[in-house]
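Q: I have a model open and want to go through how it packs. Can you take me through it?

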Amino acid sequence: MNIFAQLKNLFRKGGAKLGMVNSLVNITDDPRISIPASEYNRIRLAKTYYKDDLKPIRYKNSLGIMKERPISSINITKMSAHRLASIIFNEQCTVNIQNEQADALLDEVIKDNDFYNRYEEHLENGIALGGFAIRPYIENDKVKLAYINADQFYPLHTNQDEVDAAAVASTITKTEGDSTIYYTLLEFHEWDGEAYKITNELYRSESPSQVGINVPLSILSEYENLAPSVELNGLTKPLFAYFKAPGANNKRLDSPLGLGIVDNAKSIVDAINMTHDQFVWEVKNGRRKIAVPAEMIKPGARFGNEQDVDNQRKPMLDDETDVYLQLFGDTEKLSIQDLTSSIRNTEYQQTMDFFLSEFENAIGLSQGTFTNTPSGVQTATEVVTNNSMTYQTRSSYLTQVEKQLKNLVVAIFELMSCGQLYTDGQARFTGNIGELDIVVDFADGVFTDKTTQFTQDSQAVTMGVMPKKRFLMRNFNLDEQQADQWLEELEAEQPESNINSLLESNDYPSNGDD
C-alpha cells in the first residue's frame, strides 16, 4: 500500500471516530439488517461443533495439578448432516424444465457449475447450520453459482415466510506491511419499488472481530471493477435462493433463519462427546501396568570392585517395554504387583447407545441410524414399511430443498433476461419466466420397497388395470423396445394363460433389491 493510501486510511479512521465515515463493529449493527446478533452467535456456536473445534478438557491430575488435553470427540454433527444430505439429494437427482429451449439453457448452467455434485456438499453445511443460500451471477457472459453459508447470509426483514431481501458478506485478508488487514464486502439485495437494487460496500479492519470502516471498492484489485450500485428492472424474484432447515425457529420466533442440528440437541451432543472422551481416557489409563522393584529395571549397581565392568548388574527386563513401573522402598518388602484396572466397556457402550438413541430422536432419524435396533440396522425396505422417522424427516427436508431449487431456477432465468449484464447487451432468455414448468426429480428409488412394488404391480396386471408392458418396464428397468421384445419372447415360449398364472400366483424370483 502506497503512502497516499495510508494517509487516506488514516483520515478515514479519524472520520469514523467523529461519525463522518460509516463504520461497523458487527454486520448486524447496520440499520438495514433487522436480525439480532444473537442469531449469528448461535450459528457460530453450531459451526464450532460442525468443524469439531471444541474446547479442551481441563482436569486435575493425581498430584492436584490442573492440566489440559484435547477432547476425544465424535463429530456426530458432521455424521448426521452428511447422512441426511446423502438421502435427500444425490447425483441421481435432476432438475428439468418442460420447455426445450429453457431446459437446454438450464442444463448448460448445471454442467458449467458441476451443480449435482456440489449441491449435496453445501446442503450438508446448510443442514448442520440451519440454512444456506445460492446466488447466481454473470462472469464472462456465463451464469455462475455462488454458495453462501449460514453465517454469511443476513435477511433484511423479519416476520416473514419468504426472504426476498438480504445482505451477503464475504471476507478476504491482505498483508499490508507487518499487519493482517481484513476486508469485508457487503452485498445488499433489496427492492426499491419495482426496481431490484444491488449495493456493494467494502469495509476495512485491522481486527478480525470488527467489520471496520467503509472504504472505496477500488482499494482492492478484486473489486475495482465492481459497481457500487446496480438497478435491474423487470425482475419479480430476488437473485438468490435460500434454503431454511424445516421446523420452527424456537430460539427466535420472529427470525426467518432456520435451526441447525446442534441448536436443540447441544446437551445430547455434549453428553455423547463426554462419554466417548471418558472411555478413550479410561482405555489409555487402563493399559496394563505392573509395579516391580526399581532394582529390576535400573542398571548401574556393581558387585565388588566398582571398576569391574563385567560385574555390573544388568537390567532384568526388556528395555523396550512400558508395562513395568518402578517402586522404591525396602526391597525385602516389595513384590511384583499387577496394577491393571479393568475397562468398563459394557457400561460405556450402553451409555453411548442411550445418548445416541436420544440424538436420533432429537434430529428426526430412525432408531438404528447410529445404533443397533433389536432387529439390527434397518434396511431401506424397513424405512418405508415402518413409516420411519427418517422417511418423514426426509420428506420435510425435500419440501424445503424443492422450494430452493425452483427459486434458484427462477433466479437464473431472471438473470438471463437482463441483457445489461452481458457484454453484447443481449438477453439470453426472453420468454415468460412465470410460465416455466420446473420439475425436480429426487430419484426416490432408495426409499422404494421393490418387493412390495412387484407384488402390487403383479396384482394390478391380474386385475387388468396395468398393461403387461408397463409392468415389465417399471419392475425390470426396461425401455419400451426391450419390453416389447420380452413380451414377444414370452408369447413364443408359452401360452398367454401361463403368463397370467405366473402373475396370479406371485411365483417370481426375488430381485434382491431389499
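Q: Start with helix 4 and helix 9: what angle do they pack at, and how far apart are the axes?
A: This is a predicted model. In it, helix 4 (residues 100–112) packs against helix 9 at an angle of about 100°, and the axes are 11 Å apart.

Q: Parallel or perpendicular, then?
A: Roughly perpendicular, because the angle is about 100° and the class runs from 65 to 115 degrees.

Q: Which residues make that contact?
A: On the helix 4 side, Ala-102, Leu-105, Leu-106 and Val-109. Helix 9 brings Val-409, Ile-412, Phe-413 and Met-416.

Q: I also see Ala-411 there. Which helix is it in, and is it buried or exposed?
A: Ala-411 belongs to helix 9. Its relative accessibility is 0%, so it counts as buried.

Q: What does Ala-411 touch, outside its sequence neighbours?
A: Leaving out residues up to four places away in sequence, Ala-411 touches Pro-136, Pro-238, Leu-239 and Phe-240. Lys-237 is 174 residues from Ala-411 in sequence, with a C-alpha to C-alpha distance of 6.7 Å.

Q: Zoom out for a second. How many helices and strands are there in the chain?
A: The chain has 13 helices and 17 strands. It runs to 514 residues, and 39% of them are buried.

Q: And of the contacts between residues at least 6 apart in sequence, what share joins residues at least 24 apart?
A: The share is 63%.

Q: Back to helices. How do helix 2 and helix 5 pack?
A: Their axes are 9 Å apart and the angle is about 120°.

Q: How much of helix 5 is buried?
A: Of its 15 residues, 11 are buried, so helix 5 is largely enclosed by the rest of the structure. The buried set includes Glu-120, His-122 and Glu-124, as well as Phe-115, Tyr-116 and Tyr-119.

Q: What about the length of helix 5?
A: From first C-alpha to last, helix 5 reaches 21 Å, close to the 21 Å expected at 1.5 Å a residue. Just after the helix, Gly-130 has a positive phi of about 105°.

Q: What is the span of helix 3?
A: Helix 3 (residues 76–88) has 13 residues, and at 1.5 Å a residue it should span 18 Å. Its end C-alpha atoms are 18 Å apart, which agrees.

Q: Which residues of helix 3 are buried, and what covers them?
A: Ile-76, Thr-77, Ser-80, Ala-81, Leu-84, Ala-85, Ile-87 and Ile-88 are buried. The cover includes helix 2 (37–50), helix 5 (115–129), helix 6 (266–285), helix 7 (345–363) and helix 9 (389–416).

Q: Pick Thr-77. What is it in contact with?
A: Beyond neighbours within four places in sequence, Thr-77 is in contact with Tyr-49, Tyr-50, Ala-128, Ile-261, Val-262 and Val-269. Its relative accessibility is 1%, so Thr-77 counts as buried.

Q: Now aromatics. How many pairs are there in the whole structure?
A: There are 19 aromatic pairs. In one of them, Phe-279 and Tyr-348, the ring centres are 5.3 Å apart and the planes are at 55°, so the pair is tilted. Phe-279 is in helix 6 and Tyr-348 in helix 7, 69 residues apart, so the pair links distant parts of the chain.

Q: Are those two buried or exposed?
A: Phe-279 is partly exposed, at 26% relative accessible area, while Tyr-348 counts as buried at 12%.

Q: And Phe-359 with Phe-370?
A: Also tilted, with centres 6.2 Å apart and planes at 45°. Phe-359 lies in helix 7 and Phe-370 in the loop between helix 7 and helix 8 (380–385), so the pair ties together parts 11 residues apart in sequence. Phe-359 is buried, with a relative accessible area of 0%.

Q: Which rings link into a cluster?
A: Phe-89, Phe-115, Tyr-116, Tyr-119, Phe-132, Phe-243 and Tyr-397 are linked by ring pairs.

Q: Last one: which rings have Arg-32 and Arg-69 over their faces?
A: Arg-32 lies over the face of Phe-188, 3.6 Å from the ring centre. Arg-69 lies over Trp-281 in that way, at 4.1 Å from the ring centre.

Key. Residues numbered from 1 in each chain as written. Predicted model: local features only at pLDDT ≥ 70, side-chain atom pairs only at ≥ 80, totals over all residues. Heavy atoms only, no water. Helix = DSSP H or I, 4+ residues; strand = E, 2+ residues; numbered from the N terminus. Expected span 1.5 Å × (residues − 1). Buried < 20%, exposed > 50% of the residue type's maximum accessible area, 1.4 Å probe, protein only. Contact = heavy atoms within 4.5 Å. Phe/Tyr/Trp six-rings, centres within 6.5 Å; stacked < 30°, edge-to-face > 60°. Lys NZ or Arg CZ within 6 Å of the ring centre and 35° of its normal. Axes fitted to C-alpha atoms, helices over the stretch in contact; angles between N-to-C directions. Parallel < 35°, antiparallel > 145°, perpendicular 65-115°, else oblique.
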